[in-house]
Amino acid sequence: MALSQSFYIENRKKLAEQLENNSLAILFSGREIAMTEDANYPFFANNNFYYLTGIREPEVVLVAIKDHHGDLSWQLFIEAADPLKEKWVGKKITCVEAKAVSGIDEVSYIKELPQAIGLKSSSQFLYFDFKSPQHQSFKTEDQELQKALKQCEIKDLHPILAAMRLIKTPEEICAITRANAITRQGIEEMKFLIKPGTYEYELAAFFEYFVKKKGSEGVAFETIVAAGKNATVLHYVSNRCPLKAGELVLLDLGARVEGYCGDISRTFAINGEMTTDQEKLYRIVDAVQQEMISAYRPGAVLKELQNLTKELFLEKCCRAGFAPENNDITEFYYHGIGHPLGLDTHDVRPAGDLILAPGMVMTVEPGLYLEKRGLGIRIEDDVVITDSGCEVL
Ligand SMILES: [Mn+2]
């Protein structure tokens, strides 16, 4: 699945405007990595590559060439079909398909790439995505091409793409909304399993089954089902323990739709009813989330929102009789209030202070983790920043 062709065309246009004249940009979807013997890890295409092309197949290269007049051309290079391999792993993307998804007219085979780029070896600047993992980085064995590229001044594409990806289009927001709708429905449907004796992995497996059945691509990240004190580990994913009466269970999960992530957390009482203390703490987290949602607005600085969250927690915890040691709230709250959400669950963002602006999609996820009481509570929703505040997706 992919978004509309015009989305990728528009993204390439915006990127192109920011490239220097007389430059070359190269992005790579990635190669498959062996897991063991003849089995590979599941393939995941580079998100910046996908954002510019809509293509999520391995071994595809995107090249932009901007000449000294500022005229720009885009080219895709794909693997040639291998009839024998196709009998085992299916067909690869064809030139016609690559063109239809991306809107790029010039699609050639990868063996033609050195020559195609080599012809433009006079380029002064060469752009790469410095942050892409090694298996999603373009490499060439071609000596001539290596020589030509070595003469270029190297520049980083990542900050440009991070700034672009931070502001979502309505189409992207729609994909995230759908991912969240499925996620939320999955949580509703899971409730019948939340009872003493169920294992954490049963809940995780049910969620994964449910989101696929609903037509999403599967889970956006490893599902967290954390009962009792397991919930004090923020990214607990082993999901091996049984649910026990009297404890809470924390769910942090998301479906993926057209590459875009949902990300929701909920906390429930395993036997359906919270103790007085559990409920007091739950109400604090809920109240802080409500206050923070109303604080998310254009111009708000994420670092300051984090400080405000800490102040709110400290004041409310003290008032309810749960004062942390030395009045240091980081004993109970030790992560950020939120992060950008998009193709990555912790989505890319430019370096420096993040200042909220319309079109950003952010999580709002306050949490309290009291190891001595064997509990962790997190409530997480996702919002889009609007002109005057934010809207919960
Ligand atoms: Mn999150």
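Visitor: Which residue forms a salt bridge with Asp-347?

Guide: This is a predicted model, in which local features need pLDDT of at least 70 and side-chain atom pairs count only at pLDDT 80 or more, while totals for chains, interfaces and linings use all residues. Residues are numbered from 1 along each chain as its sequence is written, and side-chain values use heavy atoms, with hydrogens and water left out. A salt bridge here is a side-chain nitrogen of Lys or Arg within 4 Å of a carboxyl oxygen of Asp or Glu. With the closest N and O atoms 2.9 Å apart, the partner of Asp-347 is Arg-165.

Visitor: How many salt bridges does the rule find across the interface of domain 1 and domain 2?

Guide: The domain assignment, automatic or from a database, gives domain 1 as 5-165 and domain 2 as 167-392. Across their interface, the number of salt bridges found by the rule is three.

Visitor: What area do domain 1 and domain 2 bury between them?

Guide: Buried area is the accessible area (1.4 Å probe) that two parts lose on being put together, summed over both. Of the area buried between domain 1 and domain 2, 50% lies on carbon and sulfur atoms, and the value itself is about 1,200 Å².
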